[in-house]
Amino acid sequence: MTRIAAVHGALAPHRHAQRDITDMIARVCLPEGADRRVLDRLHDSARVSTRHTALPLAAYAEPRDFGALNDAFVEGALSLGAEALGGALDAAGLSPRDVDLLMFTSVTGIATPSVDARLVGPLGLRPDIKRLPVFGLGCVAGAAGIARLHDYLLGRPDDVAVLLSVELCSLTFQRDDASAANLVAGALFGDGAAAVVACGARRPAAGPVVVDTRSHLYPDSEHVMGWDITGSGFRVVLDASVPDVVRKNLAGDVDAFLAGHGLRREDITAWVCHPGGPKVLEAVGEALELPDGALDVTWRSLAAVGNLSSASVLHVLRDTLAERRPPAGSAGLLLAMGPGFCSELVLLRW
C-alpha cells in the first residue's frame, strides 16, 4: 500500500495575461503585416486566462541558442524544484533526510549532473539517496511518476519516495515559427513544478492510497506528440489527431482497469485529469461520458496556469485534495496522456 502524504506546486515567477502572451507571439512569429486573426482565435479558444513563465515576457523576443535556453532551464529548475520539494516535505511533516528515493522528471530541458543530483546538497537530502532522473515521458510523467513510486514502495514499505516534476515549457518556444503546432503550444503551455511525497505501507501517513496503476502504449502513434530536436532547441510535434486517439482508446482502457477491481465509472468520486487542452479535455469527457462538473478542477487549473506538462496533473491532484474532499473509502482515478502516444491510469482510494 502506497499513501500520498503531500503534494505541493510551484509556479515560475513571471505571471502574464493570455492576451499579453498572444501579442508577443504575434510580434515574433508572424510576418510583418500578416493577418493575426487565426492566432487570436487559437489563443482565445485555449480557455487559458493567465500563465507563468521562467523569463520576463520581453526575453522571448530575443534570439537565444539552445545552450542559452538550457542554461535558463537548469537555473529555473533548481529554484522551482527546491521550492516544490521543500514545500511538499513540510506539508508531509518530513525532513529532507527522510527521503529514500527521489525521482525527477522533465521534458523541457536537460542536465548532467541531473537536477535531482544538484538539489541533494543544497536541500540537505542524504548522500545515499536513490535517484532516478526521467526524460521523455512528457505530459504523462506526473501520473507515470506516481505509478513508479508505487512500484518502488511495494518492495520497500518502510521508505519515503518523492516525485519532483519541473517543466519550463516557455523555454521551448520557437521564434519565427508560424506553424500550427508552435502557435497551439504557445497558446497552452506554462511553466511550473510540483512534488509528491509518497510513503510505504509501514510508514505512517495521511492521504489517499494508491491501489493500482495501468500503462498503455498505443501502436503506430509515435507521430502524434513529441519533440524534433533542432539547433534552436525543442521544436514541438503536436498532431491534430490527439483528441481522436483519446476518443478511440480511453474508455476501453479505463473500463478494463476499473473492472479488475470490481468498479465502474459511476463508482469514481474524483477524476484527476491532466489538462491537455480544451479539445483533449472535451474528448476525455465525451469518451468516458462524465457527468457535468466531473472535470471542473482540471478546467480551472487550465484557465489559471495553462498546461504545465508533467506537473499539471500533480497541480490538479493538489487542488482536488484541497477542494473536493471525496468521501472516505471512495475511489478516484488519476489519468494523463503523453508522447508515445500513451496513457497512464492510477487508481486511488480516499
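User: What does the radius of gyration of the protein chain agree with?

Analyst: A compact globule, because 350 residues would give a value near 20 Å, and the protein chain has 19 Å. The radius is taken over C-alpha atoms, and the globule rule is 2.2 Å times the number of residues to the power 0.38. This is a predicted model: local features need pLDDT of at least 70, side-chain atom pairs count only at pLDDT 80 or more, and totals for chains, interfaces and linings use all residues. Residues are numbered from 1 along each chain as its sequence is written, and side-chain values use heavy atoms, leaving out hydrogens and water.

User: What box do the C-alpha atoms fill?

Analyst: Along the principal axes, roughly 65 × 50 × 35 Å.

User: How many helices and strands does the protein chain have?

Analyst: Ten helices and 13 strands. Both are DSSP runs numbered from the N terminus: helices are H or I with at least four residues, strands are E with at least two.

User: Which residues make the contact of H1 and H2?

Analyst: H1 brings Gln 18, Arg 19, Thr 22, Ile 25 and Ala 26; H2 brings Leu 39, Asp 40, His 43 and Asp 44. Contact means heavy atoms within 4.5 Å. By class, the contact has three nonpolar, three polar and three charged residues. Ala, Val, Leu, Ile, Met, Phe, Trp, Tyr, Cys and Pro count as nonpolar; Asp, Glu, Lys and Arg as charged; the others, Gly among them, as polar.

User: At what angle do H7 and H8 pack?

Analyst: Helix H7 (residues 242–259) and helix H8 (residues 278–288) pack at about 35°, with axes 8 Å apart. Among the contact residues are Val 246 and Leu 250 in H7 and Val 280 and Val 284 in H8. This contact has eleven nonpolar, no polar and three charged residues.

User: Where does UniProt place "domain: Chalcone/stilbene synthase N-terminal"?

Analyst: The unreviewed UniProt entry places the domain at residues 6–198. UniProt positions follow the numbering used here, feature names are shortened, and annotations may be inferred rather than shown by experiment. The span is 42% helix and 22% strand, with end C-alpha atoms 7 Å apart.

Technical notes. Axes fitted to C-alpha atoms, helices over the stretch in contact; angles between N-to-C directions.
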